[in-house]
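Colleague: Could you take me through this model? I would like to go over the chain contacts and then the ligand.

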Amino acid sequence: MDQTFVIIGAGHAGGQAAATLRTKGFEGRIVIVGDEEYLPYERPPLSKAVLSGDLEVMRTFLKRETWYDDKNVELRLQTLVTKIDTANKSLTLSDGETLAYDKLLIATGTRVRKLDLPGAELDNIFYLRAISDTLAIREQVRDGAKMVIVGGGYIGLEVAAVGAKLGCEVTVLEGLDRVMNRVVSPEVSEFYTEEHEKAGVKILTGVGVTDYEGANGKVTHVVTADGAKHEADLVVVGVGVIPNFELAEEAGIACDNGIVVDEFARTSDSDIFAAGDVTNHPNSLLDRRLRLESVQNAVDQAKTAANSMLGELKEYAEIPWFWSDQYDLKMQIVGLSEPDDDVVVRGNIADRKFSICYLRDGVFVALNAINAPKDFMVAKKLVAAKKRIDPALLADVDTPLKEM
Amino acid sequence: MAKMNITNRDGEQSQIDAEVGISVMENLRENDYEMEAICGGQCSCATCHIYIDDDWVARTGTRSDEETELLEELECMQASSRLSCQITVTDEMDGLTLVIAPDE
Ligand SMILES: Cc1cc2nc3c(=O)[nH]c(=O)nc-3n(C[C@H](O)[C@H](O)[C@H](O)COP(=O)(O)OP(=O)(O)OC[C@H]3O[C@@H](n4cnc5c(N)ncnc54)[C@H](O)[C@@H]3O)c2cc1C
Ligand code: FES
């Protein structure tokens with residue numbers, strides 16, 4: 001009898017895993033169960049080209065509908081998995097059906113963290129995780145609209161950049177002392193703040209949002225702790241995400257801020273695997289466990305999981321990398337920097353083309369390349385090699401990184 | 001539709017009916033060719049590297065500076081290297097011949 005492999009979550013990791021299973025020659029039944037209405041798609045354009053109207057929604061799909069028919073991959077969309085029964089190896093679905101599996105992949109990703117503030121039920125307060133969110137935001141974006149962004153992380157700033165480009169009056173409210181606080185050095189935060197201000201975006205830091213005010217059911221103001229009221233036609237909140245691991249935890253699968261997996265994407269249950277934003281996984285290149293929210297991680301770990309489901313164990317260990325597009329600024333990030341790292345500026349920030357290098361105990365651990373794709377490419381290799389590099393040399397733009 | 005002749009990473013040749021108006025990368029992805037294309041066409045990752053057949057180089061347009069900079073740091077870069085997400089397929093590209101570059 002053919003085996004049945006079920007994938008929970010029709011997102012980036014889920015879609016990738018199905019494709020890898022088929023290209024690796026798996027001929028059994030594959031069922032993807034996902035609660036969204038769309039085919040598995042890429043999320044990065046949602047705060048970039050799809051929001052700005054430069055990319056059609058359809059072009060974010062990992063594969064077209066015909067692919068799933070041709071490859072005999074069953075899609076059960078708009079369907080939630082409500083329970084995993086590991087003893088009987090079956091799932092309960094929101095439509096009441098049960099679905100048996102031989103092997104299961106959990107790729108449930110994350111959901112947005114919601115701000116439970118007075119007025120949160122008002123219309124025109126949005127979060128951004130799914131295609132439906134982007135489409136809803138787009139409907140409210142128009143020339144002169146007052147857009148308030150709560151949270152100055154990557155997604156908030158990307159939305160701010162698109163909003164400004166489309167003629168909105170944008171205000172960003174960030175609770176900490178600078179934007180992108182957790183992920184980049186103060187130099188980068190300052191540079192991006194100035195670029196946003198040049199585009200007419202108002203950035204306020206160190207301000208906590210306390211409540212929303214509205215009229216006729218629609219938001220009109222965002223109120224901050226200092227008593228200020230920020231006028232808003234629409235609000236976009238981007239204050240982080242929460243991994244969707246409750247389903248696994250309730251089924252008795254080991255979880256710790258995510259589903260705990262090994263380097264082969266195997267969970268504590270030998271027939272169950274997990275990949276993507278939802279996993280707490282080891283990385284031998286970084287000598288620690290971590291949970292990541294990135295496409296690179298979703299794709300690479302999904303491939304590892306698909307291989308493991310087929311009995312072929314290939315370790316997953318990559319130096320994390322990520323990108324963010326704001327205006328004509330392309331930021332590419334390699335490695336994970338920490339607040340205590342030593343920072344070396346490579347290039348002249350005023351040229352709008354530079355890199356920030358992060359050293360930990362003398363070892364090159366991370367880099368942010370701003371309009372400097374060459375540095376990004378080379379840094380991937382240098383960080384993986386745990387190179388010790390003289391800061392003075394790093395700061396010298398006349399010495400290419402690859403000679404270090 | 002435009003015919004596209006592709007050599008994959010194992011050196012096997014095949015032909016697809018490419019869709020016009022979307023990128024070469026999207027066509028390769030839809031047809032399950034092994035290639036990462038992690039950033040989905042944003043010119044941010046250089047994991048969609050291909051070589052264009054010499055006869056076609058001129059007809060597939062020119063690289064942007066950004067594209068060139070990413071390509072130049074790849075070990076397998078050649079004169080005919082392109083990032084496949086940066087080429088939009090047109091009717092004139094009927095017969096386009098390319099090789100998928102190794103993963104690095
Ligand atoms: C606006 C935005 C911009 C981004 N930009 C970038 C970027 O520039 N670069 C980058 O690297 N990353 C970016 N990311 C992050 C990236 O998109 C994620 O890391 C990636 O989507 C993770 O893939 P995943 O498969 O783990 O999760 P997801 O893609 O979130 O897929 C999980 C799916 O599972 C579904 N699901 C959850 N529970 C259940 C259940 N019980 N039953 C059925 N279905 C369920 C969810 O609804 C979802 O559809 C961005 C994310 C967003 C939202
Ligand atoms: S897909 Fe990333 S550069 Fe082409």
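**Chain contacts and ligand shell**

Colleague: How many residue pairs are in polar contact between chain A and chain B?

Modeller: There are 18 residue pairs in polar contact between chain A and chain B, with both residues at pLDDT 80 or more. A polar contact is a pair of N or O atoms within 3.5 Å; within protein, one must be able to donate a hydrogen and the other to accept it, and residues adjacent in sequence count only if both atoms are side-chain atoms.

Colleague: Which elements of chain A supply at least two residues of the side that touches chain B?

Modeller: α3 (65–70), α8 (295–309), β22 (321–326), β23 (329–334) and α9 (373–384) of chain A each do. The largest share, seven residues, comes from α9(A). Helices (H or I, at least four residues) and strands (E, at least two) are DSSP runs, numbered from the N terminus.

Colleague: What about the provenance and the numbering?

Modeller: This is a predicted model, where local features need pLDDT of at least 70, side-chain atom pairs count only at pLDDT 80 or more, and totals for chains, interfaces and linings use all residues. Residues are numbered from 1 along each chain as its sequence is written, chains are lettered from A and ligands numbered from 1 in the order in which they are written, and side-chain values use heavy atoms, with hydrogens and water left out.

Colleague: How many salt bridges between chain A and chain B?

Modeller: The count is 11, a salt bridge being a side-chain nitrogen of Lys or Arg within 4 Å of a carboxyl oxygen of Asp or Glu. One of them joins the side chains of K374(A) and E73(B), at 3.4 Å from N to O.

Colleague: And how many residues of each chain are in contact?

Modeller: 31 residues of chain A contact 25 residues of chain B (heavy atoms within 4.5 Å).

Colleague: Switching to ligand 1, which residues are closest?

Modeller: D35(A), E36(A), K48(A), R129(A) and D277(A) are the closest of the 32 residues that surround ligand 1 (a heavy atom within 4 Å).

Colleague: What are the distances to the side chains of D35(A) and E36(A)?

Modeller: An oxygen atom of ligand 1 is 2.5 Å from an N or O atom in the side chain of D35(A), and for the side chain of E36(A) the distance is 2.5 Å. For S294(A), a backbone N or O atom lies 3.0 Å from an oxygen atom of ligand 1.

Colleague: Which elements give two or more residues to that shell?

Modeller: α1 (12–23), α8 and β22 of chain A.
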